[in-house]
Amino acid sequence: MPKFAANLTTMFTEYPFLERFKAAAQAGFRAVEFLSPFEYPASVLKQELDNHGLQLVLFNTTVGNTAKGEWGLNALPGRESDARANIDLALEYALALNCQTIHVMAGVVPEGQQQYLYEQVQVDNVRYAADKYAPHNISIVLEALSDVVKPNYLYASQYHTLKLVKRINRPNVSVQIDLFHAQIVDGNLTHLLQNLNGHFGHIQVASVPDRHEPDDGEVNFTYLFNLLDQLGYSGWIGCEYIPKNTTKAGLNWIKPYL
Ligand SMILES: O=C(O)C(=O)[C@H](O)CO
Ligand SMILES: [Mg+2]
């Protein structure tokens, strides 16, 4: 039976961020994920999680300065000390929030720059993070982002991400498959999940092409949820979608699973 986490960055946006925890719990979720905890003291977030009986299953390292086009610092040559300070800060938050998986963001490769240099920096920084997180049983996931959401992100294909995960070669580093991006970039999702089985540690879902509830569009998610069960995937599936109408009105699809 698949386990779903509400993504509080994209769902329940009818409410201010700190009120989304209660809304998710009232809708029946027992777990949540979100993009970034760093805007709040960890104690404030912990209180929301505890008050509503929620488990935090994923957050990301910092995106950096979005006004300057940054979307992750860990692959950026010359930014290693900022990246590692953020990796350290993410560990503090993960320990305080009892979160066992962190998405270590890579970054955007500006036009004309050498991809391989950015990959080497990402490999080095993720190895640093993996070795630092391992004694705390904290895992790292790396997520490919399609050009639709983030042009020139270090990796768009799941197979490219897998190659880097293998090169990083740490037992606590795996792929995060966002099936929205995966359908757009790689397609052939059944074979993708079969090929990557054992190499992914987190899944996210949204309909394609509109990024709404996973009960519409070109992908048959019921089939994929069954496939994930058959493959023995026991991790979380994050609902990183933008509700078509209100969040609550769009939750019929999840009722059999909650
Ligand atoms: O954009 C996505 O799909 C994500 O999951 C990230 O959290 C950030 O890019
Ligand atoms: Mg995603």
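Tutor: Two strands count as paired if DSSP finds at least two bridges between them, and that criterion is applied here to a model that is predicted.

Student: By that criterion, how many bridges join S3 to S4, and how do the two strands run?

Tutor: Phe59 has Ile102 of S4 as its bridge partner. The chain passes from S3 through helix H3 (residues 80-97) to S4 in a right-handed β-α-β crossover. Strands S3 and S4 run parallel, and the number of bridges joining them is 2.

Student: Which residue in S3 stands opposite Ala31?

Tutor: Strand S2 (residues 31-33) pairs with S3 in the parallel sense over 3 bridges. From S2 the chain crosses through helix H2 (residues 42-51) to S3, and this β-α-β crossover is right-handed. Within S3, the residue standing opposite Ala31 is Gln55.

Student: How many of the 6 residues of strand S3 are buried?

Tutor: A residue is called buried if 20 or more other C-beta atoms lie within 10 Å of its own. Strand S3 (residues 55-60) is largely enclosed by the rest of the structure, because the number of its 6 residues that are buried is 5.

Student: What is the order of the strands in the closed barrel?

Tutor: The barrel is closed, has 8 strands and shows parallel pairing. From one strand to the next the twist averages 30 degrees. The order of the strands is S1-S2-S3-S4-S5-S6-S7-S8.

Student: Which residue in S5 is the bridge partner of Ile102?

Tutor: Strand S4 (residues 101-103) runs parallel to S5 and is joined to S5 by 3 bridges. Together with helix H4 (residues 115-133), S4 and S5 make a right-handed β-α-β unit. The partner of Ile102 in S5 is Ile140.

Student: On the other neighbour of S5, which residue in S6 is the bridge partner of Glu143?

Tutor: Strand S5 (residues 139-143) and strand S6 (residues 173-178) run parallel and are joined by 4 bridges, and Ile140 has Val173 as its partner in S6. S5, helix H5 (residues 158-168) and S6 form a right-handed β-α-β unit. For Glu143, the bridge partner in S6 is Gln176.

Student: Which residues point the other way from S5 than Ser139, Val141 and Glu143?

Tutor: In a regular strand the side chains alternate between the two faces of the sheet. All 5 of the 5 residues of S5 are buried, so the strand is largely enclosed by the rest of the structure. Opposite to Ser139, Val141 and Glu143 point Ile140 and Leu142.

Student: How many residues of the shell around ligand 1 are charged?

Tutor: Ligand 1 is surrounded by Leu35, Asn60, Glu143, Leu145, Val149, Asp178, Gln204 and Glu240. The shell includes 3 nonpolar and 2 polar residues, and the number of charged ones is 3.

Student: Is Glu39 buried or exposed?

Tutor: Glu39 is found in the loop between S2 and H2, and its C-alpha lies 29 Å in space from that of Ala182, the two residues being 143 apart in sequence. Because Glu39 has 9 C-beta neighbours inside 10 Å, it counts as exposed.

Key
Residues numbered from 1 in each chain as written. Chains lettered and ligands numbered in written order. Predicted model: local features only at pLDDT ≥ 70, side-chain atom pairs only at ≥ 80, totals over all residues. Near = placed C-beta within 6 Å. Nonpolar A, V, L, I, M, F, W, Y, C, P; charged D, E, K, R; others polar. Axes fitted to C-alpha atoms, helices over the stretch in contact; angles between N-to-C directions. Buried ≥ 20, exposed ≤ 12 C-beta atoms within 10 Å, placed from the backbone. Right-handed = clockwise from strand over helix to strand, strands pointing away.
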